[in-house]
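This briefing is meant to be read beside the sequence and the 3D view.

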Amino acid sequence: MPRTLNNFSENLIIITAPSGAGKTTLIKNILKYAQENEEKIFLSISHTTRKPRKGEINGKDYLFVDEETFNKNIQGNKYIEYAIVHENLYGTPQEFIDSKIQSGYKVLLEIDWQGALNVMQKYPLAKSIFISPPSIEELKDRLVKRGLDSEEVINKRVAGAALEMEKSSKFQYEITNISLDIATKNLLNIIFRENNG
Ligand code: 5GP
């Protein structure tokens with residue numbers, strides 16, 4: 001049977017978390033582990049209409065596209081899923097993921113809960129992981145310390161986070177990021193050591 005996204009979709013791993021839950025550091029840890037242990041894994045690079053933040057690199061953090069391009073891609077069925085998050089469009093490119101899965105890679109999708117639910121429906125074998133911050137107060141504290149967003153944006157994100165956290169029960173796994181070390185170990189265990197397929 002050819003290796004298609006459907007029959008190998010347990011190699012698709014969805015990670016969702018409110019911003020400030022520590023997801024970026026956790027994913028960095030996963031990729032570092034994979035490199036050191038020669039595990040085949042790729043982080044999907046999404047398209048977004050959001051403007052790049054300071055230090056973000058086009059093609060590495062995201063593919064930053066304009067709305068016209070994004071809409072053309074929607075028409076052309078180029079996205080596995082797409083969603084509006086904090087007033088910007090974000091989409092997961094289909095072709096990239098298909099080709100990586102077909103070459104035997106695991107693919108990490110770092111997407112919001114709306115996108116996650118859509119991918120779960122399309123690919124029921126995909127693993128889904130929700131990362132929670134220890135508390136909403138802690139989350140706000142992390143976003144302020146990170147210093148990347150304005151106060152207005154931070155307040156919006158914190159308000160949205162409480163809603164997002166209600167969706168955690170829809171995920172196969174939930175990890176509360178109290179200790180980075182423990183959360184990393186739990187994630188590694190789900191991604192590399194558990195075989196559901
Ligand atoms: P940020 O703008 O802070 O990088 O990301 C904002 C939110 O968009 C995060 O929750 C992130 O997981 C989500 N996101 C990033 N890429 C995608 C995507 O391709 N699809 C969906 N649905 N959400 C995404």
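The points below are grouped by topic, and they describe a predicted model.

**Helix H1 against helix H7**

- Helix H1, covering residues 23-36, and helix H7, covering residues 180-193, have axes that come within 10 Å of one another and cross at roughly 55°.
- The crossing in which H1 passes H7 is right-handed, and on the H1 side the contact is made by Thr25, Leu26, Asn29, Ile30, Tyr33 and Ala34.
- On the H7 side, the residues that make this contact are Leu180, Ala183, Thr184, Leu187, Leu188, Ile191, Phe192 and Arg193.
- Sorted by class, the contact of H1 with H7 holds 10 nonpolar residues, along with three polar and one charged.

**Strand E6 and its partners**

- Strand E6, made up of residues 88-93, is mostly covered, with five of its six residues buried.
- With strand E3, which spans residues 47-48, E6 pairs in the antiparallel sense over two bridges, and Thr48 has Tyr90 of E6 as its bridge partner.
- With strand E5, which spans residues 79-85, E6 also runs antiparallel, and six bridges join these two strands; here Tyr79 has Pro93 of E6 as its bridge partner.

**The hairpin of E5 and E6**

- Two residues lie between the strands in the hairpin of E5 and E6, where His86 takes a positive phi near 45°.

Conventions: Residues numbered from 1 in each chain as written. Predicted model: local features only at pLDDT ≥ 70, side-chain atom pairs only at ≥ 80, totals over all residues. Heavy atoms only, no water. Axes fitted to C-alpha atoms, helices over the stretch in contact; angles between N-to-C directions. Helix = DSSP H or I, 4+ residues; strand = E, 2+ residues; numbered from the N terminus. Left-handed = near helix turned anticlockwise from the far one by under 90°. Contact = heavy atoms within 4.5 Å. Nonpolar A, V, L, I, M, F, W, Y, C, P; charged D, E, K, R; others polar. Buried < 20%, exposed > 50% of the residue type's maximum accessible area, 1.4 Å probe, protein only. Pairing = 2+ DSSP bridges.
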